Amino acid sequence: MLAAMRKGAGTWVARIFLFVLVLSFGVWGVGDFIRGAREVDVATVGSTKISASTFEAQFRHELQLMQQQLRGAIDTEQAKKLGMVDTSLRQMIARSLIDQDAARMRLAVSNQVVAEEIRSNPAFRDSLGKFDRFTFERAIASQGWNEATFANVVRSDFARGAIAGGLTAGFNTAPASIVDALYGYRDERRVAEIIAIKPDALGAVADADAATLDAYYKAHVKEFMAPEYRALHYISLTPDAVVGEVQVSDADIKDEYEAEKDKLNIPEKRSVEQIILADEAAAKAAYDKLRGGMTFAAVAEQTLKQQPTSLGSVTQSQLPPELGAAAFKLGNGEVTAPLKDAFGWHIAHVTAIEPGVTQSLDSVKEKLRSSLALRGAADVAYRKFNAIQDELAGGATLEQAADKVKLKVAAVPAVDAQGQDEAGHKIANLPAAENFLQSVFEAPVGGDPQTLDSGEGNYFVFRVDSSTPPAERPLAAVRDKVMAAWKTEAGSKAATVKAKEIADKLRAGGDMAGLAKSVGTSVLTTKPMTRAGDDADATVSPQLLAALFKAKQGDVVTAGLGAEAGEAGETVARLAKIVPAQPDAKAREQLTRQIGNAMANDVAGEYQAALEKELGVTINRDVLDKLF
């Protein structure tokens, strides 16, 4: 956003606008600035008000944490679109509701309990597992808290946790009857014998006569209408379009090579595995066995009853300093002497070495030249875009503005929203930016030229000259397409009729293999399938799967062919086998926890809803929207 503001401020039109804006602030805004704006609230929860400043500070704090996790790959606008604003507010409302209920119940948390809660937090412990004040103070300071503020946060969280724990106690497990019923339902599997009937196997469909085709066209006329077409002229200001104007010197290439040498050169990698020992004595004993000729895997198995831990193929910088320095001095197949760090005693084993590659300046010269040229072209495109905006603001036409910056104007006689011409062919050399055509079809027809910054240094200026609205095409113009659509529908209907015929014969005791052969196929026996259909064959559509799970063993059902099979058609299926859910202690235990958690969440949700109804919650949506 800041980059966009800087770009916008680069034109003389923007400078005039900013001058007027500053002047208006001087006339109308100074008084409010001196007096101080009146605080407003984003929500009222019972007797508590959540001020805009309090909420904004909380949201910014949560956004900062998210940015740290995503390495800055999210901004305020993206967070809002993802629902973070509403989520943050709902969380603050929920905490306020429970805090007020705790106060009403006179639920108090002593200083001793708060102190013990803080001391027991693993995040505040040193390498020996003891509470470390320096670690504690640094951690809370990084979150913008002092000790007193953090203690109050812990106190409130503990009280809320006590209430939540009391509400949901006993829901950590679900009743066995519910678990058994749901597990049996979810994990039951069914096997079917299937005949897939494809229209092509029933013979070619004859052309429709004129009357039939005309009636079909009239019933489906909207499917064959011509879309809206727009005629336009445009200028592309992309790095690729102006890269020819950029000259890159050999000196520039050399400077770039020196600056990027570390990235251009491929560092040496080594495949490393290690074993971690409990103490120095165990480490020395293991090392002695290795020097005595025992393999690394055998020592790990004998000492730890497990295989060595693989660290993968890594560079030296990807390993802890001591381990990296030692491992990268070894030859292939060698082991380090015992090493000690905060996690214990290590012995590392190098199993493979990938030599590093140093790329010379000559070998990457042309690659760097292209990269520098495109980088410079982005600046050229931006300057030309600003220049065109200034020319247009001064009354120039699109053609005059293009001539001023020495760029060509491209013409498109007719294009639809998918980038196709009136013959249905994709238009070559049309801007590839995803939002270009969208912007063209949103722009006014015959209006002033429009500018578009599509991101990543790509700019466009265009003018929509005319529009041809959607229109019915005469049957003669789309006859082949209408005939093809009619044949597809006729073939599908024929397959449905044939499926019913075969199903009736099967129910009457017909031979399934013979019936399958009559339509040019063979019987497919599916794998055991659950209701979810994750393991279903491609020929099994959701409709067929649902029918099979309603059927009894031996029943015959019909449904459309699975979309993943890639063709239209019909299926006839006989339910061959019902496989009850197989006992699986681990899966059943997991389901028990899931149901218990769901029940606990339901109770907590009902509790919060009751508090909202009793205490009252009001959200000021206008204030919330203006904040962001």
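Tutor: Begin with a definition: two strands pair if DSSP finds at least two bridges between them. Keep in mind that this is a predicted model.

Student: In what order do the strands of the open sheet with S6 and S5 run?
Tutor: This open sheet has four strands, and their pairing is antiparallel. S6 (309-314) and S7 (339-341) are the edge strands, each pairing on one side only. That puts the order at S6-S5-S8-S7.

Student: By how much are neighbouring strands of this sheet turned against each other on average?
Tutor: Direction is ignored here. The average turn is 35 degrees.

Student: At what angle does helix H13 run to S8?
Tutor: H13 covers residues 280-291 and lies across S5 and S8. Helix H14 (residues 296-304) packs on the sheet too, touching S5 and S8, and its direction makes about 25 degrees with that of S5. For H13 against S8, the angle is about 35 degrees.

Student: Now the open sheet with S9 and S4. Which are its edge strands?
Tutor: Four strands form this sheet, in the order S9-S4-S11-S10, with antiparallel pairing. The twist averages 30 degrees from one strand to the next. The strands that pair on one side only are S9 (410-415) and S10 (450-455).

Student: Which residue in S11 stands opposite leucine 237?
Tutor: Strand S4 (residues 229-237) pairs with strand S11 (residues 458-468). The sense is antiparallel, over nine bridges. Leucine 237 faces tyrosine 459.

Student: Which strands does H16 lie across?
Tutor: H16 runs at about 45 degrees to S11. The strands it lies across are S4, S10 and S11.

Student: How far apart are the end C-alpha atoms of H16?
Tutor: H16 has 33 residues (361-393). At 1.5 Å a residue, they should span 48 Å. The distance in the model agrees with that: 46 Å.

Student: Where is the kink in H16 centred?
Tutor: The kink is about 30 degrees. After the helix comes glycine 395, whose phi is positive, near 105 degrees. The kink itself is centred on lysine 367.

Student: On to helix pairs. Why do H5 and H8 count as roughly perpendicular?
Tutor: Helix H5 (residues 84-104) and helix H8 (residues 147-168) have axes 10 Å apart. Angles of 65 to 115 degrees count as roughly perpendicular. H5 and H8 are therefore in that class, with a packing angle of about 80 degrees.

Student: How many charged residues are in the contact of H5 with H8?
Tutor: H5 brings Arg95, Ile98, Asp99 and Ala102, while H8 brings Ser156, Arg160 and Ile163. Three of these residues are nonpolar and one is polar. The charged count is three.

Student: At what angle do the axes of H10 and H19 cross?
Tutor: Helix H10 (residues 210-219) and helix H19 (residues 479-507) have axes that come within 10 Å. The pair is roughly perpendicular. The crossing angle is roughly 90 degrees.

Student: How many nonpolar residues does the contact of H10 with H19 have?
Tutor: From H10 come Thr212, Leu213, Tyr216 and Tyr217. From H19 come Arg479, Val482, Met483, Ala485, Trp486 and Glu489. One residue is polar and two are charged. The nonpolar count is seven.

Technical notes
Residues are numbered from 1 along each chain as its sequence is written. This is a predicted model: local features need pLDDT of at least 70, side-chain atom pairs count only at pLDDT 80 or more; totals for chains, interfaces and linings use all residues. Side-chain values use heavy atoms; hydrogens and water are left out. Axes are lines fitted to C-alpha atoms, for helices over the stretch in contact, and angles run from 0 to 180 degrees between N-to-C directions. Helices (H or I, at least four residues) and strands (E, at least two) are DSSP runs, numbered from the N terminus. Angles under 35 degrees count as roughly parallel, over 145 as roughly antiparallel, 65 to 115 as roughly perpendicular and the rest as oblique. Contact means heavy atoms within 4.5 Å. Ala, Val, Leu, Ile, Met, Phe, Trp, Tyr, Cys and Pro count as nonpolar, Asp, Glu, Lys and Arg as charged, and the others, Gly among them, as polar. The expected span of a helix is 1.5 Å times one less than its number of residues. The bend at a residue is the angle between axes fitted to the seven residues ending there and the seven starting there.
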